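Good morning, and thank you for coming. Please look at the sequence and the structure as I put them on the screen.

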Amino acid sequence: MNTLPSTGTNHPPAQMAHILLPTDLSANSLHAADYATLLCGAEGHTYTLLCAIANAAGDGPDRSRDLLRLARHDMHTFAEQFIARTGATDVVQKVVHGMLPLVFTSVVDQVRAELVVMGKRGATGSALWGSNTTGVIERCQVPVLVVPELAPLKQVRRIVLADDRKGVTSGALGLLRQLALINQATIMIVHVKGNNPDFDGQWSHDAYAEAFDGIDHEFHYARDSDVQDGLVHFAKENHAQLIAVVHRDIGWFRRLFRPSRTEALALEGELPLLVLQDRKLTTS
């Protein structure tokens with residue numbers, strides 16, 4: 001049996017209640033689900049496995065019923081694998097009819113998910129969400145964790161949090177605080193200076209002090225002409241296992257997801273990306 005490494009027994013009680021795991025029932029999405037339990041813990045949460053089945057053009061009612069029946073059978077097998085690999089104790093299976101990006105928001109609301117974890121790629125090697133990966137991040141009201149297929153299944157000890165000097169509320173950092181406590185991780189808050197070396201924006205010290213009270217956290221500068229590349233380079237050089245960013249504008253994420261050396265280093269490589277939501281500050 002393929003089992004995950006233990007994260008220890010000294011974890012504080014988790015405060016998250018419901019984690020949504022969209023899946024196309026592929027090995028890559030199972031890896032993302034495995035990573036979710038490694039990061040958050042197998043117990044103390046409800047994990048909902050979500051599979052959306054859409055009809056092809058011309059399919060009739062009989063075909064729809066057949067597709068749903070087959071998907072439920074395959075989902076049961078997938079859930080058994082997930083439980084056996086991770087030891088998750090509260091797992092819900094949900095198969096719905098429709099295009100995943102279209103049904104996603106309503107399911108998040110129905111189950112009151114506090115975190116969404118999804119694989120970067122699906123069964124065929126294409127993006128699990130197709131061209132809608134950044135659209136999901138843009139529309140989702142809760143944090144989203146994107147897990148590359150090469151992300152190692154080992155405990156997260158060092159987390160890089162990007163600081164763009166636009167301010168952040170302590171409430172937006174609540175999930176990150178809990179993950180740091182669970183994993184006894186250090187948070188490295190980094191501001192990447194681009195082409196303006198004289199930029200003198202201020203750290204959000206009060207928000208960080210409140211959110212990360214009792215947690216090891218550090219402040220760093222990095223310099224790169226490209227902010228996204230600088231963030232990834234800093235994370236790699238400092239042996240971080242996770243990058244966290246606060247949602248600002250979707251263009252930022254399109255650049256981070258673009259085909260480039262950044263993609264080769266991060267999203268095509270080993271570093272998962274946690275997108276936090278700060279609706280008070282987020283711009284459309």
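**The side chain of Gln155 and the chain around it**

I begin with one side chain: that of Gln155 reaches the backbone oxygen of Asn183 at 3.2 Å. The side chain of Gln155 also makes a polar contact with the side chain of Arg157, at 3.4 Å. By polar contact I understand a pair of N or O atoms within 3.5 Å; within protein, one must be able to donate a hydrogen and the other to accept it, and residues adjacent in sequence count only if both atoms are side-chain atoms. Gln155 lies in the loop between strand E5 (144-147) and strand E6 (158-162). Helices (H or I, at least four residues) and strands (E, at least two) are DSSP runs, numbered from the N terminus. Gln155 is buried, with a relative accessible area of 16%; buried stands for under 20% relative accessible area, exposed for over 50%, and partly exposed for what is in between, with a 1.4 Å probe and protein chains only.

A word on the basis of these values. This is a predicted model, in which local features need pLDDT of at least 70 and side-chain atom pairs count only at pLDDT 80 or more, while totals for chains, interfaces and linings use all residues. Residues are numbered from 1 along each chain as its sequence is written, and side-chain values use heavy atoms, with hydrogens and water left out.

Turning to the chain as a whole, its secondary structure comes to nine helices and 10 strands. Of its 284 residues, 52% are buried. Among contacts (heavy atoms within 4.5 Å) in the chain with a separation of 6 or more, 85% are between residues 24 or more positions apart.

The C-alpha atoms of Val117 and Leu145 are separated by 4.7 Å, with the two residues 28 apart along the chain. Val117 is buried, at a relative accessible area of 1%. Not counting residues up to four places away in sequence, Val117 touches Ile19, Leu20, Leu21, Pro22, Ala32, Ala36, Leu145 and Val147.

Where do nonpolar side chains tend to be in soluble globular proteins? They tend to be buried together. A nonpolar core here is a set of buried Ala, Val, Leu, Ile, Met, Phe, Trp, Tyr and Cys residues joined through side-chain atoms within 4.5 Å. The largest has 51 residues, of which Leu21, Leu145, Leu161, Leu176, Phe212, Leu274 and Leu276 touch the most other members. Apart from this core lies another, of 32 residues, including Met118, Val190, Phe234 and Ala235.

Next, helix H1. Its 14 residues, 27-40, reach 20 Å from the first C-alpha to the last, close to the expected 20 Å, that is, 1.5 Å times one less than the number of residues. Because 12 of the 14 residues of H1 are buried, the helix is largely enclosed by the rest of the structure. Just after H1, Gly41 takes a positive phi of about 105°.

Which residues have a positive phi although they are not glycines? Leu25 is one of them, at about 70°, in the loop between strand E1 (18-22) and H1. Leu25 is partly exposed, with a relative accessible area of 25%. His239 is another, at about 55°; its place is in the loop between helix H7 (227-237) and strand E9 (242-246). At 60% relative accessibility, His239 counts as exposed.
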